[in-house]
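Please look over the sequence and the structure shown here, and then read the report that follows, which takes up the sheets, the helices packed on them and a residue in a loop.

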Amino acid sequence: MGRVYNFSAGPAVLPEEVLQEAAAEMMDYKGCGMSVMEMSHRSKEFDNIIKEAEQDLRDLLNIPDNYKVLFLQGGASQQFSAIPMNLMKNGVADYIVTGQWAKKAYQEACRYGKAVKVASSEDKTFSYIPDCSDLPIDDDADYVYICENNTIYGTKFKTLPNTKGKTLVADVSSCFLSEPMDVTKYGVIYGGVQKNIGPAGVVIVIIREDLIRDDVMEGTPTMLKYKTQADAGSLYNTPPCYGIYICGKVFKWLKKQGGLEAMKERNEKKAKILYDFLDQSKLFKGTVVKEDRSLMNVPFVTGDKDMDAKFIAEATAAGFVNLKGHRTVGGMRASIYNAMPIEGVQKLVEFMEKFEKENA
Ligand SMILES: *Cc1c(COP(=O)(O)O)cnc(C)c1O
């Protein structure tokens, strides 16, 4: 087995048990003589797969009955358009811009109505989360938008913004199921699954029922109407069947690990190993304000581009792969999602210690 420690930001590491189970079921899923990839999305088998996946997700997140769970396509980026098209009733929405993904969502919303940037951390290369306790929220705002964990910059909202009663919409792509969340605080929670849950090709939308409307923005494609997808139980057309099946397996794996409280504990422990090392290192340093640090994405630098490149090359050769930072920030980034074992982080830190000594 030539498995590496994969620190990719996404598509990213998946639990080995899940991959092994999927491999064992590849040729013959539960005696039906075919792979899940080959079966009708209207079959009894697939009906069970999608219903169980939904139920397991509901159990993990404690999703109340008045929220729908949708398994869609188009990635997180398509939601940048779907959200304003479905939710902008007054034509106004407030955006908190804490990174590239929030910025893209904001720019897309500008095409459909009056999107207002009510806070931003762009002045310091998105290295912190702005104070969102008393923002100038529009009286007419249909929603307040955040990207809860900023994959590229490694920041996370530790407290949700004060939306002054407005609906909160959150992109949780890179922190999905990394810890418990109170679903009732949100109108819409969505995320592409390729960061912390499953293979690329599925986006999960959790939406409060009163936000699912027929009178959406004129010109909204049928496929982008939440009502179309909700009424059809995510089966309006052929869904990303195999991806949903893998997500379902990851949900079961998470339940077996003890659920999201247990994952939170584990993720805190894992991240602490890396942050503690960075805080005392003379060579490497974290790029984010301490109190806003993400548990999932940990960017760091040496301050010297050539040294960064040397580190990445040597780390790759040693089996620690995909540590290169996002092309817009440079340096390094270790994404340590749910499926990254604690040994992966321990060994990475040992490797960094050794590298630091050799390059002192
Ligand atoms: C990766 C990512 C996206 C983009 O996801 P796609 O599925 O590629 O569209 C959006 N938001 C966040 C927070 C991400 O990490």
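## An edge strand and its partner

Strand E2 is mostly covered, since 5 of its 6 residues are buried, where buried stands for under 20% relative accessible area, exposed for over 50% and partly exposed for what lies in between (1.4 Å probe, protein chains only). The model is a predicted one, in which local features need pLDDT of at least 70 and side-chain atom pairs count only at pLDDT 80 or more, while totals for chains, interfaces and linings use all residues. Residues are numbered from 1 along each chain as its sequence is written, and side-chain values use heavy atoms, with hydrogens and water left out. Helices (H or I, at least four residues) and strands (E, at least two) are DSSP runs, numbered from the N terminus.

E2 and E10 run antiparallel and are joined by 6 bridges; two strands are taken to pair if DSSP finds at least two bridges between them. Within this pairing, Phe 71 has Ile 204 of E10 as its bridge partner.

## The sheet of 7 strands

E2 belongs to an open sheet of 7 strands, whose order is E2-E10-E9-E8-E5-E3-E4 and whose pairing is mixed. Strand E2 (67-72) and strand E4 (114-120) stand at the edges with a single partner strand each, so that one side of each has no neighbour in the sheet. On average, neighbouring strands of this sheet are turned by 20° against each other, direction ignored. Strand E9 (residues 188-192) pairs with strand E10 (residues 203-208) in the antiparallel sense over 5 bridges, and Gly 192 has Val 203 in E10 as its bridge partner.

Helix H2 (residues 44-61) lies across E2 and E10 and runs at about 130° to E2; such angles run from 0 to 180 degrees between N-to-C directions, with axes fitted to C-alpha atoms, for helices over the stretch in contact. Helix H4 (residues 100-110) also packs on the sheet, where it touches strand E3 (92-97), E4, strand E5 (144-147) and strand E8 (168-171), and its direction makes about 160° with that of E3. Contact here means heavy atoms within 4.5 Å.

## Thr 98 in its loop

The loop between E3 and H4 holds Thr 98, a buried residue with a relative accessible area of 0%. Its side chain makes a polar contact of 3.0 Å with the side chain of Asn 150, a polar contact being a pair of N or O atoms within 3.5 Å; within protein, one must be able to donate a hydrogen and the other to accept it, and residues adjacent in sequence count only if both atoms are side-chain atoms. Leaving aside neighbours within four places in sequence, the residues in contact with Thr 98 include Ser 121, Phe 126, Cys 147, Tyr 153 and Phe 157.

E11 and E12 pair over 2 bridges in the antiparallel sense, and Lys 285 stands opposite Val 301 in E12.

The buried residues of H7 pack against H2, H6, E11, E12, E14 and H9, and among them are Leu 260, Met 263, Leu 274 and Phe 277.

Just after H6, Gly 258 takes a positive phi of about 110°.

In H8, the buried residues are Met 307, Asp 308, Phe 311, Ile 312 and Ala 315. Seen down the axis of H8, they fall within an arc of 135° and so line one face of the helix, the arc being that of the directions from the helix axis to the C-beta atoms. Lys 305, Asp 306 and Ala 317 are exposed on the other side of H8. The cover over the buried residues of H8 includes strand E12 (297-301), strand E13 (320-321), strand E14 (332-335) and helix H9 (342-358). At the N-terminal end, Asp 304 caps H8 through a side-chain oxygen that lies 2.9 Å from the backbone nitrogen of Asp 306, and just after H8, Gly 319 takes a positive phi of about 95°.
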